[in-house]
Amino acid sequence: MTEQAPIFILLFPFLTAVIVALVGLRHKSLSWPLTLVSLGASVCASLSTLAQVVEHGPIRYKLGGWSPPFGIEFHIDGLSALVAVTVSVVALLTAIYSKDNVDAETPDKSSQYYSLFLLLVSGLLGIVITGDAFNLYVMLEVAALTSYALIAMGNKRASLAAFKYLIMGTIGASFYLLGVGYLYIKTGSLNMLDIREILETAGLFNSPTILVAFILITVGVWIKMAFFPLHSWLPNCYAFAPTTSSNIMAPLVTKVMIYVMVRMVLTVFGPNYAFEILDWENIVVWLAVIAILAGSIGALAQKDLRKMLTFLIIAEVGYMVGGLWLADETGITGTIFHIISDAFMTLCVFLFAGIVFAKTGARDIYALEGMFKKMPLTMVGFLVGAFSLIGIPPTAGFFSKWYLVQGGINSGNWEYVVALLISSLINAVLFFRLIEIAYFGKKPAEGHDHHHGDDHAKVSEASFTMLLPLLSTAAILIVIGLYNKELVSVIQDFLSQFNLATSIR
Amino acid sequence: MKILGIITVIITGFLLLQAERDFPDWGDAASPASDNRLSQHYITETINETRVSNMVTAVLADYRGYDTMFETVVIFTAGIAIIGILRVYGPSTKLEHPEPTLDTEKPDLIIETTCRLLIPIIQLFALYVIAHGHYSPGGGFQGGVIFGAAFILLALARDLQTAQKWVPENRVLNLAAIGIFIYAGHGVLSLIFGENFLDYSILTKVLPGDAIDARYHSMLGVEIGVAFTVTAIMFSIYSNLASNGKMEEGI
Amino acid sequence: MELLQSIADSFNYWIYIILMMIGLYALVAKNNLVKKLIGMSIFQTAIILFYVSIGYKDGATIPILYEHQAHHGHHDAGHGDAEDAHHDVEHAVEEAAKEIHAVAEDHADGHDAHADDHDTLVDSHDAHTSSAIHAEDFANPLVHVLMLTAIVVGVATLGVGLAITQKLYGEFGSIEESEIIEQIRTGK
């Protein structure tokens, strides 16, 4: 049974999505429990896969019994297994949280909503575990189509944001598809490992086609992950989408795209090509520096809580793109570590923003006024997430940033180190401002009137289904922080196959 | 925006043209994509491994069956997404900006007679395309779209209500889900029998013939599943878009 | 002249780039949402043209076997008799298929080491089925499969895009992007 675990990661949410769409027509109340059960099963399957990978090394699962490259295969190594666990756990926590607000925000359509939610999760899991470059495109589109719909089910402004996302997302995915086509015209294969082997044996690294394929794939993925100059679609999408939609998409979609970038650079093209033959590290790291600073400064300018957090995502994307192109083993370890820790800390603060919105109905940061007294447990969860985003030990954020900074120092990219520290400082300013408002209830002098004064008196602790995921996420952040050595050893096992120490300058 | 567009187009176009010079000539049988064990294997071995003469069908439904399953899911997703975005339940709520009203007279004799004659033929042809995908161009997607077009034609010629009598909204969703269950069911069944997901060869246990025959028959099975989903979702997309999600009048 | 010659040699690739740029321009620069979606369709269709061009071979036909190749000499076997034809050649095909499958798997693992083996096997197989299948006679089937997927994805994206456009029209009464943004700015 355990050798079939990889397919179960995906099969449970995917089949349940179809069941929910059917059953939900008659029994709306069944949608939520079915979603939970399927995601729970998916978490078990992904954990079992991770255990197998750690024990026996990478798994190659032949779909349809055809040996690759003739058929499609799952290729699961340490990186995919870790990200798959992250995706399924985040999805489960978000699903628990969604109980109250899906019915409130999308009445009459909760079965469609849960169906799309599960399809999004299966799309993301499919991206993570597949070993076929074209299959990745199909999964990318499953995830993309569902996210357009999940955003567009929100209010007026969300629809426009979703349309922009649809246009940008299609350009990104089409660039990726074209890049795969360019690889195919030169190598004649679609299997990732096979492409790599043909690239090496046929000596195609000097071909302009491969160069353009690399550019197309990288730019396509950058659009999808909202890397700085291409980020314009992201803030409005995540800020105005229904709460559950932004809770699932903010932590996962950009992070999975970063996974795709890491996978493409390391497994398909190889660090030798990306970092040595092309030698673009400095340009990309500088782009990442600009992204980090632009994201952080953009966050400073926001009064809307969720919109402020979306700008932090843009800064975090800069961390990880820069971390990969440091071309240093420690830096890349940090990048992969940061994919995981950032998924959980983004989830943590977005869950908090969702609770605040559900309880007060206000979007701006002054809604936090006096929260420490009214909902102490919620604030504890928020504090852990905020400390992790700032980078205070023993939270996960500290350790992943530590590896990123180490990588920056090792490779001599001081501008990156400085940008990372400035951004952490800005995060500290941002979150201590929030904590100040929440603790002292400081209102601006001009009397910021937000029409919710009456509601505030009644605000009490969040309900159990909202609190449980928030506190679990906070606990996970601390656990990852405490067991960072084990996590790093899995990542370094994965990286050891690439000879990164020798392939850098 | 215009300037931004022109700059994007010039940069991308320049980049693509650079690579184009490096491509093998168009139609060159010795290009890496064609002269490769992957494409050669599909051409020469398909008949032996699956007994299907249409290689496209074999590669689609068997070698890359997993891709195709999720392709069906993409269609299903689009259907659910459009219902999620547009559908308005309950008594019709007036939009802020009313649609231009159309002439809602009874359709004239010519249109009605033509449809009455055409629709059965279209449906029959759709079934032929689905069933004959192993030997000629065709298959689940193509046949499904043609079948869906028959219902759309009915809705266009009469009105949405008439077409809804044949395929009401719930039945559409049921059909779409059944299609996916048929496809995924082949995979789950092979899991139950102890092989990998979608490995049709193990289905000899329930299908007549040997392992290759099982592949042959399963491919027909999954094509039928695909056809169910595509038919249902094509009509669902049309009826939601045409009636603005109210499922009342249509165009 | 040289340029013209190079265009003629790879005519499809030039056309696909031009189409794609038209689509990309509409996607980025057009203000009307439906025009953007039309641009998106052109953009995706251009990619389909590119892929299908990869699979084309001079003098090759569509990737469907001729009847005599599929049925191994049973010229009179119509489609209705397909089952009979199968039973007749079942043993021959089964043997050959098993061997070839085994070799193919070796082949996948060991790469070119078994290439020669493989050829001889195909030949012997051809000998007792009388009609050979040559790879250069048929267009590459893989790209057609891939593009079937891409077409489906394109249709799905277009459908969702139109649905969002309709929703926007219901809410704002306009499908001009600038007018909608103006309404958001002033109306809030």
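Two residues count as in contact here if their C-beta atoms, placed from the backbone, lie within 7 Å. Keep that cut-off handy for the exercises below, and remember that this is a predicted model.

**Exercise 1. Work out how chain B is built and how spread out it is.**

Step 1: Start with the contacts. Taking those in chain B between residues at least 6 apart in sequence, 67% join residues at least 24 apart.

Step 2: Check the spread. For 251 residues the globule rule gives 18 Å, but the radius of gyration of chain B is 23 Å, well over that, so chain B is more spread out than a compact globule.

Step 3: Along the principal axes, the C-alpha atoms of chain B fill a box of roughly 60 × 60 × 35 Å. Buried residues account for 53% of the chain's 251 residues.

**Exercise 2. Describe the side of chain C that touches chain B.**

Step 1: Count both sides. Chain C puts 54 residues into the contact, and chain B puts in 60.

Step 2: Find the helices. On the chain C side, α2 (11–29), α3 (33–55), α5 (82–110) and α7 (141–172) each supply at least two residues. The largest share, 17 residues, comes from α7(C).

Step 3: Sort by class. The chain C side has 34 nonpolar, 14 polar and six charged residues.

**Exercise 3. Is α4(A) largely enclosed by the rest of the structure, or left exposed?**

Step 1: Check the length. Helix α4 (residues 110–129) of chain A has 20 residues and reaches 29 Å from its first C-alpha to its last, close to the 28 Å expected at 1.5 Å a residue.

Step 2: Look at burial. Since 20 of the 20 residues of α4(A) are buried, the helix is largely enclosed by the rest of the structure.

Note on methods
Residues are numbered from 1 along each chain as its sequence is written. Chains are lettered from A and ligands numbered from 1 in the order in which they are written. This is a predicted model: local features need pLDDT of at least 70, side-chain atom pairs count only at pLDDT 80 or more; totals for chains, interfaces and linings use all residues. Helices (H or I, at least four residues) and strands (E, at least two) are DSSP runs, numbered from the N terminus. Ala, Val, Leu, Ile, Met, Phe, Trp, Tyr, Cys and Pro count as nonpolar, Asp, Glu, Lys and Arg as charged, and the others, Gly among them, as polar. The expected span of a helix is 1.5 Å times one less than its number of residues. A residue is buried if 20 or more other C-beta atoms lie within 10 Å of its own, exposed if 12 or fewer, and partly exposed in between; C-beta atoms are placed from the backbone. The radius of gyration is taken over C-alpha atoms; the globule rule is 2.2 Å times the number of residues to the power 0.38.
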